[in-house]
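Work through the exercises below with the model open. Try each task before reading its solution.

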Amino acid sequence: MLQRLGHRIGSSIWLIPFVTIPLELIAVRVVHEIDDRVSWTLLGLDASGAKAMYDAIIAANLSFLVFTFGWLLVAVQVASAQLTPRIIATTLLSDRTIKYCVGLFIFTLLFSISTQNRVGANVQQLPAFVAAALGIVCFAAFFFLIDHASRLLRPVSVLSHVGNRGLEVLAAVYPERSHDAVTPKGDREALGEPNAIIAHREKSGIVLSVDTPALMAEAERIDVVIEFAPQIGDFVAIDEDLFLIYGRGAIDETRLLDAVAFGSERTMEQDPTFAFRIVVDIALRALSSAINDPTTAVLAIDQLHRLLRSAGLKHLHTDELRDRNGRLRAIVRTPNWEDLVHLSFREIRRCGSDNLQVVRRLRAMFDNLLRTLPAHRLPAIALELTLLDREIEQKFPYPEDLALARIGDPQGLGGRSGFVI
C-alpha cells in the first residue's frame with residue numbers, strides 16, 4: 001500500500017500545492033499574532049496602500065499560476081508529439097521546480113487574500129512586509145521558472161535527465177560490479193513444481209516495483225522459497241500467476257500482495273530497462289520520416305552509451321536472493337546483458353542504418369565498449385557490430401559513402417573521419 005501511494009505522489013503535481021494550503025492558514029495566524037505583540041512599523045503603509053499592494057500580489061500570482069499550467073499543457077502536447085509520451089510522468093509531472101513554484105504561488109496568493117481581509121483602519125505592518133517579501137520571491141521564482149521551462153523540454157535536457165535516472169536505477173538494482181564471466185548455476189532448477197500459486201486479484205496493471213525485503217522476511221518466516229513470476233515492467237492481468245511458492249507453510253497472501261505496486265504506466269524506480277526504453281523511443285521518433293531529426297538520435301545514443309557501459313561493468317545476475325546463511329529465499333527476475341544490448345541497438349539500427357550520423361555514432365559506441373568492457377561482455381557487442389556492417393552494405397551502394405559509414409565518430413558526422421590531408 002505504501003509503495004503504491006509513493007508512486008502516485010511522486011508522479012503527481014498536486015501534493016505540494018495542496019500542502020501549502022494548511023501551511024498558509026497556520027502562517028497567517030502566527031504572523032498576525034507576532035505583529036499584535038511587537039507592533040512593528042516596518043513599511044508604514046496605510047489602508048489604501050496596503051490594499052493596492054495586496055491587489056497587485058494577488059493579480060500577479062493568479063497570472064503566474066495561469067502561465068504555469070498553460071505552459072504545462074503545451075509541454076505535454078509537445079513532449080508527446082516530438083519526443084515520447086513516456087517522459088510526461090517521469091520528467092514533467094515529477095519535476096520538483098514546477099511543484100515548488102506552484103506551491104509558492106498558491107501560498108503567497110492565499111496569504112495575501114487572508115491578510116487583505118484583515119486590513120482595517122490600522123494596517124498590521126508585519127503581515128504586509130511578509131506579503132511584500134513573498135511577492136518579490138514569487139517574481140524571482142516566476143522568472144526562474146520561465147528559464148527552467150525553456151530548458152526542460154530540450155531533447156538534450158530530457159535525455160540527460162532520463163540517463164541520470166537510469167544510472168541511479170542501475171546502481172540500485174545491480175549494486176555489485178561484474179566479477180565473473182561464467183554465471184554460476186542457481187538453485188531454481190532444483191525446486192521442482194511449486195507447492196502453491198498466488199494469482200493477481202486486483203485490476204490488471206503493470207508491475208512498478210516489488211518490496212524484496214518483505215518477500216525475504218515472509219520466506220524466512222515460514223521457511224519457503226518465493227518466486228515472483230512476472231518481471232518489473234510486465235503487464236499482469238487478473239488471475240495471472242503472481243507468486244510461486246516452493247515449500248509448505250502458512251503463507252500470508254496479504255503481505256505478499258501488498259509487497260507489489262501496480263500502475264498504468266512503467267516507472268524507473270526498479271525498472272532499469274524503462275530508462276533504455278525511453279531513450280530508444282526518443283531516438284526512433286527522431287528517425288521517423290515525420291520528424292527526421294538524426295541529430296537528436298545521436299544525442300539519444302550518447303545516453304545509451306552511458307547506460308550500457310555502466311550496465312556492462314555491473315554484475316547483472318541477481319535473480320536469486322539469499323538469506324544470511326546463504327539459503328535461497330526469493331527469486332525476482334531482472335534483465336540480463338543480452339536483453340539490454342538488444343534493447344539498445346536492434347531497433348535503432350533497423351531504423352537508422354541509412355543515416356551516416358547514426359551508423360557512425362553507433363560504430364564509435366561499439367569501438368568504445370569493445371575497449372572498455374570486460375571480456376565476457378564483448379561477444380554481444382561484437383555481434384551487433386557485425387549486424388551493423390551487414391546493414392550498411394545494403395544501404396550505401398557508393399564505395400565512398402560506405403567507407404565513411406565504416407568510421408566511428410562520437411559526433412555522428414562532423415568529427416574526425418580518419419583521413420589525413
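This is a predicted model: local features need pLDDT of at least 70, side-chain atom pairs count only at pLDDT 80 or more; totals for chains, interfaces and linings use all residues.

**Exercise 1. Helices α2 and α6**

At what angle do the axes of α2 and α6 cross? Classify the crossing and describe the contact.

*Solution.* 
- Step 1: locate helix α2 at residues 15–38 and helix α6 at residues 125–152.
- Step 2: their axes come within 8 Å and cross at roughly 135°.
- Step 3: angles over 145 degrees would count as roughly antiparallel, and 65 to 115 as roughly perpendicular. α2 and α6 are therefore oblique to each other.
- Step 4: α2 contributes Val 31, His 32, Ile 34 and Asp 35 to the contact, and α6 contributes Gln 125, Leu 126, Pro 127 and Val 130.
- Step 5: by class, the contact has five nonpolar, two polar and one charged residues.

**Exercise 2. Helices α3 and α10**

Are α3 and α10 roughly parallel or roughly perpendicular to each other?

*Solution.* 
- Step 1: α3 packs against helix α10 (residues 272–287) at about 75°, with the axes 8 Å apart.
- Step 2: the two helices are therefore roughly perpendicular.
- Step 3: the contact involves Ser 80, Ala 81, Gln 82 and Leu 83 of α3, with Asp 281, Ile 282 and Arg 285 of α10.
- Step 4: these residues divide into three nonpolar, two polar and two charged.

**Exercise 3. An aromatic pair**

How many aromatic pairs are counted? Describe the pair of Phe 64 and Phe 105.

*Solution.* 
- Step 1: the count comes to nine aromatic pairs.
- Step 2: Phe 64 and Phe 105 form a tilted pair, 5.2 Å centre to centre, with 45° between the planes.
- Step 3: Phe 64 lies in helix α3 (residues 47–83) and Phe 105 in helix α5 (residues 96–116), so the pair ties together parts 41 residues apart in sequence.

Notes:
Residues are numbered from 1 along each chain as its sequence is written. Side-chain values use heavy atoms; hydrogens and water are left out. Axes are lines fitted to C-alpha atoms, for helices over the stretch in contact, and angles run from 0 to 180 degrees between N-to-C directions. Helices (H or I, at least four residues) and strands (E, at least two) are DSSP runs, numbered from the N terminus. Angles under 35 degrees count as roughly parallel, over 145 as roughly antiparallel, 65 to 115 as roughly perpendicular and the rest as oblique. Contact means heavy atoms within 4.5 Å. Ala, Val, Leu, Ile, Met, Phe, Trp, Tyr, Cys and Pro count as nonpolar, Asp, Glu, Lys and Arg as charged, and the others, Gly among them, as polar. Rings of Phe, Tyr and Trp (its six-membered ring) pair if their centres lie within 6.5 Å; planes under 30 degrees apart count as stacked, over 60 as edge-to-face and the rest as tilted.
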